[in-house]
Amino acid sequence: MAEPEAEKPKFDLSHNKANVMLRKAAEGKYGIAGVCVYNLEGILATVRAATAKRSPAMLLLFPWAQTYSGALLAQAAAAAARAAPVPITLHLDHAQSAAAVHAAADTACYDSIMLDMSHYDKAENLARTADLVRYCHARGIACEAEPGRIMGGEDGVADTVDLEAVMTSAAEARRFVDTGIDWLAPAFGNVHGSYGRRGIRLEYERLRAVREAVGGEVRLVLHGTDGFDGGIYKECVEAGITKVNINGVLNRRYLEVQREGGLGVSETMERGTRVMQEAIEECMDMLGSTGKA
């Protein structure tokens, strides 16, 4: 008779800094800005905004940062987060291969990693996600995954822009939660990048159904927020969202400073940092995280 399969090890991530932040956000009914950063200016802008607003925050890097700088950007972001006077964590967003996840997890820089296996078929997606959850949990790292598929693409993320959008169902959410993930990023009409002529059309009932199905076991995460206002953020938070990724709203302002020209390198960096900080502070106010640190 075959030997029974050994019980998989379970890791207690209740004290993981990012998990603690999102638990408090869920209890306090506010959202935490996950700020997509590409350079030192973005890191500084996030830390300064969080400090000024007394708000928790998350720094988000894409796997592009690994290929561009090795571990240097991650090390700088992790050092900035740990030195900040308010709670800030470092997250790797849309890690799309086991190699990218392993490389990030082994740096000891990241508090959380998004495992994006959405370019595989459903069965392989779930199997790979479960394997990577175990790898990350063994290193004290919280894990996020995206059931369904959010349409569109973002600068620094590969292989998503041409994939068909697939909405998240309660059943699909359950299958992903069973892999052991900590956070779930549902697809409910949200779009990576620009919404274009389609406009913003979110299915809040779908989001609430996902919350009813699995919201007691995982934290819900919002991707694709370009063009959102305070009213949309409020409704998403009320439906269970605790982490909100922001990208274009601040990085466009940085690019505008660069395009204006007429400044030296240091002045361009300083002004770019300042305008990004202002954008992040505006988001913190809309998300209700101001004063929550």
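Two strands are taken to pair when DSSP finds at least two bridges between them. By that definition, in this predicted model, strand S2 (residues 57–61) is joined to S3 by 5 bridges, the two strands running parallel, and Met58 has Thr89 in S3 as its bridge partner. S2 also pairs with S1 in the parallel sense, over 3 bridges, and here Cys36 is the bridge partner of Leu60 in S2.

How many of the 5 residues of S2 are buried? The count is 5 of the 5, so the strand is largely enclosed by the rest of the structure. Both of its faces are covered, with Ala57, Leu59 and Leu61 on one side and Met58 and Leu60 on the other.

S3, helix H5 (residues 98–105) and S4 make a right-handed β-α-β unit. A further right-handed unit of this kind is made by S4, H6 and S5, where S4 and S5 pair in the parallel sense over 3 bridges and Ser112 stands opposite Ala142 in S5. S4 is covered on both faces, with Ser112 and Met114 buried on one side and Ile113 and Leu115 buried on the other.

An unreviewed UniProt entry carries the annotation "binding site" for Asp116 and Glu146; although they are spread over 31 residues of sequence, they cluster in space, the largest C-alpha distance being 6.6 Å. Asp116 is found in the loop between strand S4 (112–115) and helix H6 (122–137), whereas Glu146 has its place in the loop between strand S5 (142–145) and strand S6 (151–152). Since buried means under 20% relative accessible area, Asp116 is buried at 2%, and Glu146 is buried at 3%.

In soluble globular proteins, nonpolar side chains tend to be buried together. In this model the largest nonpolar core has 70 residues, and those with the most contacts inside it are Leu61, Ile88, Leu90, Tyr110, Ile113, Leu184 and Ile246. A second, separate core of 16 residues includes Leu13, Ala18, Ile32 and Ala185. Leaving aside its neighbours within four places in sequence, Ile246 is in contact with residues including Ala33, Gly34, Val35 and Cys36, and also with Ile280 and Cys283.

The walk ends at helix H10 (residues 248–260), whose 13 residues should span 18 Å at 1.5 Å a residue; the end C-alpha atoms are 18 Å apart, which agrees with that expectation. Within H10, Gly248, Leu250, Asn251, Tyr254 and Val257 are buried, and what covers the buried residues of the helix includes strand S1 (32–36), helix H2 (40–53), strand S10 (241–246) and helix H11 (265–287). Just after H10, Gly261 takes a positive phi of about 70°. Thr268, which lies in helix H11, is buried with a relative accessible area of 16%, and, not counting residues up to four places away in sequence, Thr268 touches Val257, Gln258 and Leu263.

Definitions and conventions:
Residues are numbered from 1 along each chain as its sequence is written. This is a predicted model: local features need pLDDT of at least 70, side-chain atom pairs count only at pLDDT 80 or more; totals for chains, interfaces and linings use all residues. Side-chain values use heavy atoms; hydrogens and water are left out. Helices (H or I, at least four residues) and strands (E, at least two) are DSSP runs, numbered from the N terminus. The expected span of a helix is 1.5 Å times one less than its number of residues. Buried means under 20% relative accessible area, exposed over 50%, partly exposed in between (1.4 Å probe, protein chains only). Contact means heavy atoms within 4.5 Å. UniProt positions are given in the numbering used here, feature names are shortened, and annotations may be inferred rather than shown by experiment. A crossover is right-handed if, with the strands pointing away from the viewer, the path from the first strand over the helix to the second runs clockwise. A nonpolar core is a set of buried Ala, Val, Leu, Ile, Met, Phe, Trp, Tyr and Cys residues joined through side-chain atoms within 4.5 Å.
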